[in-house]
Amino acid sequence: MAVRFVSSNIISSLGFSTEENFQNLLLAKVGIQTFNDPLLYPSPFLAACIHQAELEERWNETNQKVVIATRLEKMLILSITEALSKTKIDISSSRTAILLSTTKGNIDLLNPIESIDPERLLLWKLGEFIGHYFGNPNPVRVVTNACISGVLAINTAAMMLKGERFDHIIVVGADLVTRFVVSGFMSFLSLSQTPCKPFDRDRDGLSLGEAAGTLILEKTSFPEKGDILFAGGATANDANHISGPSRTAEGSVIAIQNAMSEAGFAAKEIDHINAHGTATRYNDDMESIAIQRLGLSESPVNSYKGSWGHTLGAAGIIETATLIESMKTDTILPTAGFHTPGTTEKLIVTKEPLSKPLNTCLKLASGFGGCNAALVLNKK
Amino acid sequence: MTPQITAFCHIKKNQVFLNGKSIFSAGSEVDMREFVKSAFRNTGTKYPKFFKMDDYSKLGFLAAEVLMKEVDESTIEDKSTGIVLSNNHSTLTTDQLFQDSIQSDEAFFPSPSVFVYTLPNIMAGEIAIRHHITGENAFFVSSAFDPDWHTLYINQLFESKKVSACLSGWVEMDDQSLDAFVYYVEEANDQRDESMQHTVEKLNNLYKINDK
């Protein structure tokens, strides 16, 4: 029995489909720009936001049920709808389940919006709303584990498929750029003054982004050549600090080791690593240490966050969806914002697109609370 | 083999129960937040950082502290002990507190020490630091404690050898009430009580054992 990825969608500052996002990342385009919106933050700040007019236009085309939805719910529904449209999967089947990944969900409903049930501020209620929209009979499980939520949700989906109950899991994730989140990261002094520069010597913090993403996983006894399979996944905790990564990369090392051991691959077999790469000094140094400690330093590393920012609960999903495209086309994407190496341990960070057979790849994520996640993908 | 529950702790209605027996209580007139603090002092643990945590983390941390006194921590293989928690409100009370500090431009004082607690898994991070637990982590949100999901997820973690023990449970709080049910699951062992298997039925029973 294998678990394969059958479809995906990405809605971000760089487009409304996986294909459009992939093409823009291939060109190292940057969706991060300056916003001067006192409702979001009292002074100008940088972020990567979804094109509002296009989102509304697509919503009006799609929403034939005339449901009244929040901005986040529109993103989630549009993302699932597009990913699903490329498959024949029945979302109303009891053999299909939905997993939702988000950190803050409809947090903007702390200021109630007329005609929206204020209870949808609760993450499980948001999940229920999405499940009802698609007529899915199963409870929508909600994963909320800081910035590893997306990767954890994919690992969880693969685990659910190992049991008897389900044939398909739809993993969907989203988070918004809100006053809440911008003010929080500002208070941590962790936002960059310029579009973020992952793994660069001069990196000075992260950029926030908003996105929604969907990955559809399928259980199969007969994987076909070229299929991208879920090979292994794990999480681990640093048990060290709640708002900063371990200086020895302890949790990340354990997560990677366990994911690789489940997948049955050794370090020399990892062709490429898509890192968390937030562009904070501590995160990128920590990842360089984990990669070095595990003998993975020969694998080219990149981060997509220089293009669409840190999209929190969506990050693990849209980044894995992009990594899958990368594997299908045997092309490692460039790291927008990266120019000069400057991490504790030396890494091979891709500046330009790089053609290389990509059979086995590693996806990393880390977050507040000392949490770390790793995921291994393999091409059949 | 189905893993087994080796200890469990309830905290609700100003009472702390360990393995079904009341070990600490306060009168109903005592504010629930004050109750949590005095219950923590009662454990005898000196940990000043506890008093800086938000209300959710305090509650989860207290439950874990009571529970882990039942576990021989020297036997923990930290790398393969997991923490899997869930609740209903995520961190809504703390979210509201942070929102109040940013609501207007005139009174705009966002604090990083409040913001960090607007993620529910911070509670797991605090517990991980205290008990040196570095294994699998997950936080889920559901409308009520969901034994079906907890057994499905955690038993699968055991089956795939990702954990050999797991601290798990439900840590819920809103403005009016709190409800924590935290338990420890370990690999099945012949010496252990078979009636304590980590099943949906057992979790349902244990969750309600102190409802009177």
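**Chain A–chain B contact in a predicted model**

Strand β5(A) and strand β5 (residues 137-141) of chain B run antiparallel and are joined by 2 bridges; two strands pair if DSSP finds at least two bridges between them. Helices (H or I, at least four residues) and strands (E, at least two) are DSSP runs, numbered from the N terminus. This is a predicted model, in which local features need pLDDT of at least 70 and side-chain atom pairs count only at pLDDT 80 or more, while totals for chains, interfaces and linings use all residues. Residues are numbered from 1 along each chain as its sequence is written, chains are lettered from A and ligands numbered from 1 in the order in which they are written, and side-chain values use heavy atoms, with hydrogens and water left out.

**Interface extent**

- Chain A and chain B each bring 50 residues to the contact (heavy atoms within 4.5 Å).
- About 4300 Å² is buried between chain A and chain B, 62% of it on carbon and sulfur atoms; buried area is the accessible area (1.4 Å probe) that two parts lose on being put together, summed over both.

**Pairs across the interface**

- V142(A) lies opposite V141(B), a residue of β5(B).
- There are 6 salt bridges between chain A and chain B, a salt bridge being a side-chain nitrogen of Lys or Arg within 4 Å of a carboxyl oxygen of Asp or Glu.
- R141(A) and D148(B) form a salt bridge through their side chains, at 3.9 Å from N to O.
- Between chain A and chain B, 21 residue pairs are in polar contact, both residues at pLDDT 80 or more. A polar contact is a pair of N or O atoms within 3.5 Å; within protein, one must be able to donate a hydrogen and the other to accept it, and residues adjacent in sequence count only if both atoms are side-chain atoms.

**Chain A side**

- Elements of chain A that each supply at least two residues to the side touching chain B include α4 (123-133), α5 (149-162) and β9 (228-237).
- α6(A) gives the most to that side, with 7 residues.
- The residues of the side of chain A that touches chain B comprise 26 nonpolar, 16 polar and 8 charged. Ala, Val, Leu, Ile, Met, Phe, Trp, Tyr, Cys and Pro count as nonpolar, Asp, Glu, Lys and Arg as charged, and the others, Gly among them, as polar.

**Sheet in chain A**

- An open sheet of 3 strands has the order β2-β3-β7 in chain A, with mixed pairing.
- β2 (33-35) and β7 (208-209) of chain A are at the edges with a single partner strand each, so one side of each has no neighbour in the sheet.

**Chain B**

- Chain B has 7 helices and 7 strands.
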